[in-house]
Amino acid sequence: MRIELFHQNERLYLHLPDEPEAGVLCVDFCEPALQHRISKALSAEAVVKAMGQRPLKTATAHPLNSCESPMVTAAHLIDATAGLGLDAFILACAGWHVTLIEQSPLIHALLADGMKRGMQSGGSDSSAALLTQAALSRMHLCSAGSSLDVMLTLPEAQVIYLDPMFPDRDKSARVKKNRYLLQQLHGEEALGNNLLPLALTLARKVVVKRPLRALPLDNIQPSASIKGKTSRFDIYAGSNNRLMIP
Ligand SMILES: C[S@@+](CC[C@H](N)C(=O)[O-])C[C@H]1O[C@@H](n2cnc3c(N)ncnc32)[C@H](O)[C@@H]1O
């Protein structure tokens, strides 16, 4: 299958030249629907609720981190399956410092492009624009690579968040074009194999996003779940107790 990246109007897009009906992928943190979403109460977002305690502390630089602007703080969260960065952005808007890891170089390029454009699109003094820039400044994208390797190089986080790809039962149902395109980019390796057992050893808390009626990831039973409109957030207690949360 042919997959192409192209630039148009200073934006990076991904498409499948042989399947134009599948549309295009582009990361835009300033799109109106998303801006409207962050202008409302973020505490009502299921993904925000699932992370629990709102971060209280300011981050400080950590010299050992392999990312550009690393954080070690009680407010540090690792999004180990960053994808197009939407959940990470909502969480950063809610005050978290989010380290993002994405294994696909193509998705990583889209995400990096969206984050850069979002930071440059300032000038407006609207509260949503200011919130967008503040949130993006709390998001730190690691070099493209598997979280199975990258997570081991990061300082501990309060929470590790996993939203691995879920195999669609009905591949012909292209309900969400973004999801279809993402799935075409990946094989089995995108399903999040082995991420949960590792994450549980690295953080005090792990949150896994699942479709509402799906089995828990790796059939490991969570200690609690929070249900959103279309997704479920399974919550696990990790075994890393080194980080003391006030
Ligand atoms: C469903 S998408 C995540 C969507 C994301 N939560 C959002 O809001 O945009 C899953 C992503 O996880 C990535 N992924 C899966 N396994 C990974 C791994 N071991 N390391 C890093 N990224 C991984 C895939 O490449 C894919 O882009």
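This is a predicted model: local features need pLDDT of at least 70, side-chain atom pairs count only at pLDDT 80 or more; totals for chains, interfaces and linings use all residues.
Visitor: Which residues are the closest to the ligand, and which elements give two or more residues to its shell?

Guide: Of the 23 residues that surround the ligand, the closest are Thr81, Gly83, Leu86, Gln103 and Ser147. The elements giving two or more residues to this shell are α3 (86-93) and α6 (147-150).

Visitor: What makes the largest nonpolar core a core, and which residues have the most contacts inside it?

Guide: A core is a set of buried nonpolar residues joined through C-beta atoms within 7 Å, and the largest one here has 55 residues, with Leu91, Met139, Ile160 and Leu162 having the most contacts inside it. Helix α3 provides the largest share, 6 residues. Leu91 touches Val47, Val48, Met51, Leu77, Trp96 and Val98, leaving aside residues up to four places away in sequence. In soluble globular proteins, nonpolar side chains tend to be buried together.

Visitor: How do you know that the end-to-end span of helix α4 agrees with its number of residues?

Guide: At 1.5 Å a residue, the 16 residues of α4 (residues 105-120) should span 22 Å, and because its end C-alpha atoms are 22 Å apart, the two values agree.

Visitor: Why can the buried residues of α4 be said to line one face?

Guide: The buried residues are Ile107, His108, Leu110, Leu111, Gly114, Met115 and Gly118. Seen down the axis of α4, they fall within an arc of 160°, so they line one face of the helix. The face turned away from that buried side carries the exposed residues Pro105 and Gln120.

Note on methods
Residues are numbered from 1 along each chain as its sequence is written. Helices (H or I, at least four residues) and strands (E, at least two) are DSSP runs, numbered from the N terminus. The expected span of a helix is 1.5 Å times one less than its number of residues. A residue is buried if 20 or more other C-beta atoms lie within 10 Å of its own, exposed if 12 or fewer, and partly exposed in between; C-beta atoms are placed from the backbone. The arc is that of the directions from the helix axis to the C-beta atoms. A residue is near a molecule or strand if its C-beta atom, placed from the backbone, lies within 6 Å of it. Two residues are in contact if their C-beta atoms, placed from the backbone, lie within 7 Å.
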